[in-house]
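Hello,

Here is the structure I promised to pass on to you. Please have a look at it first, and then read my notes below.

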Amino acid sequence: HGLSVSSKTGGAIHRENVGASFESSFRNLCHLLQLYYKSIESLGLKAQGVEGGDCINTKELEVDLLRGLGSCLAKLITEFCIFKSEDDTETGALHFNMSKKGDADYASASTVDYPVFELKCSQSGGDVLKHLRKSFPGSAGIMLSEMWGAIGSNEGLSGFIQFMTDSCLSLVGVPFSLLDKKTEKKLVAHRREGLLHRLEVSRNEEEVASCTVLLLLQQIK
(Lines give C-alpha, C1' and ligand atoms only; values in the text may rest on other atoms or scores of the structure.)
Protein backbone atom coordinates (compact mmCIF):
# COMPACT_ATOMS: atom_id res chain seq x y z
CA HIS A 1 0.00 0.00 0.00
CA GLY A 2 1.23 3.51 -0.81
CA LEU A 3 1.53 6.30 1.72
CA SER A 4 -1.51 8.54 2.11
CA VAL A 5 -1.23 12.25 1.40
CA SER A 6 -1.59 13.01 5.11
CA SER A 7 1.18 10.59 6.13
CA LYS A 8 3.44 11.93 3.39
CA THR A 9 2.76 15.46 4.61
CA GLY A 10 3.38 14.40 8.22
CA GLY A 11 6.66 12.77 7.19
CA ALA A 12 7.75 15.91 5.36
CA ILE A 13 6.93 18.08 8.38
CA HIS A 14 8.83 15.70 10.66
CA ARG A 15 11.89 15.83 8.41
CA GLU A 16 11.68 19.64 8.32
CA ASN A 17 11.48 19.80 12.14
CA VAL A 18 14.44 17.42 12.52
CA GLY A 19 16.42 19.52 10.04
CA ALA A 20 15.66 22.78 11.87
CA SER A 21 16.46 21.24 15.27
CA PHE A 22 19.70 19.81 13.89
CA GLU A 23 20.87 23.11 12.40
CA SER A 24 20.24 25.03 15.64
CA SER A 25 22.09 22.52 17.85
CA PHE A 26 24.82 22.04 15.24
CA ARG A 27 25.51 25.76 15.03
CA ASN A 28 25.63 26.13 18.83
CA LEU A 29 28.04 23.21 19.27
CA CYS A 30 30.31 24.48 16.48
CA HIS A 31 30.52 27.89 18.13
CA LEU A 32 31.03 26.52 21.66
CA LEU A 33 33.80 24.20 20.49
CA GLN A 34 35.68 27.14 18.96
CA LEU A 35 35.02 29.41 21.94
CA TYR A 36 36.44 26.87 24.39
CA TYR A 37 39.41 26.19 22.16
CA LYS A 38 40.26 29.91 22.08
CA SER A 39 39.96 30.07 25.89
CA ILE A 40 42.27 27.08 26.33
CA GLU A 41 44.81 28.59 23.92
CA SER A 42 44.70 31.90 25.79
CA LEU A 43 45.05 30.11 29.13
CA GLY A 44 48.14 28.29 27.86
CA LEU A 45 49.75 31.51 26.67
CA LYS A 46 48.98 33.30 29.94
CA ALA A 47 50.44 30.39 31.96
CA GLN A 48 53.81 30.56 30.20
CA GLY A 49 56.49 32.08 32.40
CA VAL A 50 54.13 32.42 35.36
CA GLU A 51 54.99 30.73 38.63
CA GLY A 52 52.92 27.58 38.91
CA GLY A 53 51.82 27.91 35.27
CA ASP A 54 53.41 24.58 34.37
CA CYS A 55 50.69 22.79 36.34
CA ILE A 56 48.13 23.86 33.72
CA ASN A 57 47.97 21.06 31.17
CA THR A 58 46.27 22.58 28.13
CA LYS A 59 46.68 19.35 26.15
CA GLU A 60 44.66 17.51 28.78
CA LEU A 61 41.99 20.23 28.67
CA GLU A 62 41.80 19.86 24.89
CA VAL A 63 41.43 16.08 25.12
CA ASP A 64 38.67 16.41 27.72
CA LEU A 65 36.84 18.93 25.53
CA LEU A 66 37.24 16.73 22.45
CA ARG A 67 35.88 13.67 24.28
CA GLY A 68 33.02 15.68 25.76
CA LEU A 69 31.77 18.50 23.55
CA GLY A 70 33.45 16.95 20.49
CA SER A 71 31.62 13.66 20.97
CA CYS A 72 28.32 15.53 21.45
CA LEU A 73 28.84 17.20 18.07
CA ALA A 74 29.86 13.89 16.49
CA LYS A 75 26.76 12.18 17.93
CA LEU A 76 24.50 14.92 16.56
CA ILE A 77 26.04 14.63 13.09
CA THR A 78 25.90 10.83 13.11
CA GLU A 79 22.27 10.80 14.24
CA PHE A 80 21.40 13.18 11.41
CA CYS A 81 23.20 10.98 8.87
CA ILE A 82 21.36 7.93 10.22
CA PHE A 83 18.07 9.83 9.98
CA LYS A 84 18.75 10.64 6.32
CA SER A 85 19.94 7.10 5.52
CA GLU A 86 17.58 4.67 3.82
CA ASP A 87 19.56 1.57 4.80
CA ASP A 88 18.14 0.60 8.21
CA THR A 89 19.74 -2.86 8.06
CA GLU A 90 23.22 -1.36 8.26
CA THR A 91 22.67 1.75 10.39
CA GLY A 92 20.45 -0.17 12.82
CA ALA A 93 23.55 -1.88 14.18
CA LEU A 94 24.93 1.45 15.42
CA HIS A 95 24.19 2.72 18.91
CA PHE A 96 25.57 5.29 21.32
CA ASN A 97 27.01 4.59 24.73
CA MET A 98 27.27 7.40 27.31
CA SER A 99 30.52 6.63 29.13
CA LYS A 100 30.22 9.76 31.27
CA LYS A 101 27.01 11.52 32.24
CA GLY A 102 26.58 15.25 31.83
CA ASP A 103 23.98 17.95 31.21
CA ALA A 104 21.00 16.69 29.21
CA ASP A 105 20.82 19.80 27.02
CA TYR A 106 24.42 19.68 25.86
CA ALA A 107 23.84 22.09 22.96
CA SER A 108 22.89 24.91 25.35
CA ALA A 109 25.22 27.89 25.78
CA SER A 110 25.05 27.45 29.56
CA THR A 111 26.09 23.79 29.58
CA VAL A 112 28.54 23.09 32.40
CA ASP A 113 29.23 19.38 32.18
CA TYR A 114 29.38 17.71 28.76
CA PRO A 115 28.54 14.00 28.55
CA VAL A 116 31.00 11.71 26.78
CA PHE A 117 29.54 9.57 24.00
CA GLU A 118 31.04 6.54 22.30
CA LEU A 119 29.70 5.00 19.10
CA LYS A 120 29.28 1.22 19.27
CA CYS A 121 28.38 -1.42 16.72
CA SER A 122 26.72 -4.84 17.02
CA GLN A 123 27.96 -5.97 13.59
CA SER A 124 31.27 -6.00 11.66
CA GLY A 125 32.92 -7.72 14.61
CA GLY A 126 32.31 -4.64 16.72
CA ASP A 127 34.59 -2.55 14.48
CA VAL A 128 32.50 0.62 14.42
CA LEU A 129 34.82 2.58 12.12
CA LYS A 130 34.74 -0.21 9.54
CA HIS A 131 30.95 -0.43 9.85
CA LEU A 132 30.56 3.34 9.29
CA ARG A 133 32.54 3.11 6.05
CA LYS A 134 30.31 0.24 4.95
CA SER A 135 26.97 1.74 6.06
CA PHE A 136 27.01 5.16 4.41
CA PRO A 137 27.43 5.82 0.68
CA GLY A 138 30.25 7.71 -0.98
CA SER A 139 32.54 9.74 1.21
CA ALA A 140 30.04 10.07 4.08
CA GLY A 141 31.06 6.80 5.72
CA ILE A 142 34.75 7.64 5.42
CA MET A 143 34.20 11.10 6.95
CA LEU A 144 32.14 9.70 9.85
CA SER A 145 34.79 7.08 10.46
CA GLU A 146 37.56 9.71 10.49
CA MET A 147 35.52 11.95 12.78
CA TRP A 148 35.00 9.25 15.44
CA GLY A 149 38.56 8.06 14.95
CA ALA A 150 39.85 11.55 15.74
CA ILE A 151 37.85 11.66 18.98
CA GLY A 152 39.09 8.23 20.02
CA SER A 153 42.71 9.10 19.24
CA ASN A 154 42.76 12.00 21.74
CA GLU A 155 44.36 14.30 19.20
CA GLY A 156 44.38 18.07 19.64
CA LEU A 157 41.36 20.25 18.98
CA SER A 158 42.94 22.26 16.18
CA GLY A 159 43.07 19.28 13.81
CA PHE A 160 39.54 18.20 14.73
CA ILE A 161 38.12 21.68 14.09
CA GLN A 162 39.94 21.86 10.75
CA PHE A 163 38.59 18.43 9.77
CA MET A 164 35.04 19.50 10.65
CA THR A 165 35.50 22.74 8.71
CA ASP A 166 36.54 20.76 5.64
CA SER A 167 33.94 17.98 5.95
CA CYS A 168 30.62 19.21 7.35
CA LEU A 169 29.17 20.68 4.15
CA SER A 170 29.67 17.39 2.30
CA LEU A 171 28.58 15.32 5.28
CA VAL A 172 25.38 17.05 6.43
CA GLY A 173 24.74 19.73 3.80
CA VAL A 174 25.53 22.54 6.26
CA PRO A 175 28.99 24.12 6.58
CA PHE A 176 30.81 24.07 9.90
CA SER A 177 29.67 27.32 11.51
CA LEU A 178 32.73 29.51 12.02
CA LEU A 179 32.81 31.81 15.02
CA ASP A 180 33.16 35.44 13.92
CA LYS A 181 33.71 38.36 16.31
CA LYS A 182 30.05 39.48 16.32
CA THR A 183 28.75 35.97 17.01
CA GLU A 184 31.43 35.39 19.64
CA LYS A 185 30.46 38.55 21.51
CA LYS A 186 26.79 37.48 21.59
CA LEU A 187 27.66 33.93 22.61
CA VAL A 188 29.97 35.05 25.43
CA ALA A 189 27.28 37.37 26.82
CA HIS A 190 24.57 34.70 26.53
CA ARG A 191 26.81 32.08 28.10
CA ARG A 192 27.81 34.36 30.97
CA GLU A 193 24.15 35.12 31.69
CA GLY A 194 23.27 31.42 31.69
CA LEU A 195 26.20 30.44 33.92
CA LEU A 196 25.43 33.23 36.41
CA HIS A 197 21.82 32.03 36.59
CA ARG A 198 22.95 28.46 37.26
CA LEU A 199 25.35 29.76 39.89
CA GLU A 200 22.56 31.63 41.66
CA VAL A 201 20.05 28.78 41.78
CA SER A 202 22.39 25.81 42.27
CA ARG A 203 22.72 24.06 45.64
CA ASN A 204 25.26 21.61 44.30
CA GLU A 205 28.84 22.39 45.36
CA GLU A 206 30.39 20.71 42.32
CA GLU A 207 28.14 22.63 39.93
CA VAL A 208 28.91 25.90 41.73
CA ALA A 209 32.64 25.21 41.41
CA SER A 210 32.31 24.31 37.71
CA CYS A 211 30.28 27.45 36.92
CA THR A 212 32.83 29.61 38.75
CA VAL A 213 35.78 28.08 36.86
CA LEU A 214 34.01 28.50 33.51
CA LEU A 215 33.18 32.13 34.26
CA LEU A 216 36.81 32.79 35.19
CA LEU A 217 38.04 30.96 32.08
CA GLN A 218 35.75 33.12 29.97
CA GLN A 219 37.49 36.26 31.27
CA ILE A 220 40.86 35.19 29.87
CA LYS A 221 41.69 37.01 26.65
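**Notes on the model**

Ser 24 is partly exposed, with a relative accessible area of 32% (buried means under 20% relative accessible area, exposed over 50%, and partly exposed in between, with a 1.4 Å probe and protein chains only). Ser 24 belongs to helix 1 (residues 5-47); here helices (H or I, at least four residues) and strands (E, at least two) are DSSP runs, numbered from the N terminus. Ala 107 is 83 residues from Ser 24 in sequence, and their C-alpha atoms are 8.7 Å apart in space.

Before going further, a word on the source. This is a predicted model, in which local features need pLDDT of at least 70 and side-chain atom pairs count only at pLDDT 80 or more, while totals for chains, interfaces and linings use all residues. Residues are numbered from 1 along each chain as its sequence is written, and side-chain values use heavy atoms, with hydrogens and water left out.

**The chain as a whole**

The protein chain has eight helices and two strands. Read from the N terminus on, its elements run α-α-α-β-β-α-α-α-α-α. Of the 221 residues in the chain, 43% are buried. Among the contacts (heavy atoms within 4.5 Å) with a separation of 6 or more, 68% are between residues 24 or more positions apart.

On the helix 2 side the contact includes Leu 66, Gly 70, Ala 74 and Cys 81, and on the helix 5 side Leu 144, Met 147 and Trp 148 are among the residues involved. By class, the residues of this contact are nine nonpolar, three polar and two charged, where Ala, Val, Leu, Ile, Met, Phe, Trp, Tyr, Cys and Pro count as nonpolar, Asp, Glu, Lys and Arg as charged, and the others, Gly among them, as polar.

Met 143 and Ile 151 of helix 5 are among the residues in the contact, as are Phe 160 and Phe 163 of helix 6. The contact holds 10 nonpolar residues, two polar and one charged.

The contact includes Leu 65, Leu 73 and Phe 80 of helix 2, together with Met 164 and Cys 168 of helix 6. Its residues are 12 nonpolar, two polar and two charged.

In helix 4 (residues 128-135), the buried residues are Val 128, His 131, Leu 132 and Ser 135. Down the helix axis they fall within an arc of 105 degrees, so they line one face of the helix; the arc is that of the directions from the helix axis to the C-beta atoms. Helix 3 (88-91), strand 1 (94-100), strand 2 (116-121) and helix 5 are among what covers them.

Thr 91, in helix 3, is buried, with a relative accessible area of 4%. Setting aside residues up to four places away in sequence, Thr 91 touches Ile 82, Ser 85, Ser 135 and Phe 136.

Thr 111 sits in the loop between strand 1 and strand 2 and counts as buried at 1% relative accessibility. Beyond its neighbours within four places in sequence, its contacts include Tyr 36, Asp 103, Arg 191 and Leu 214.

Best wishes
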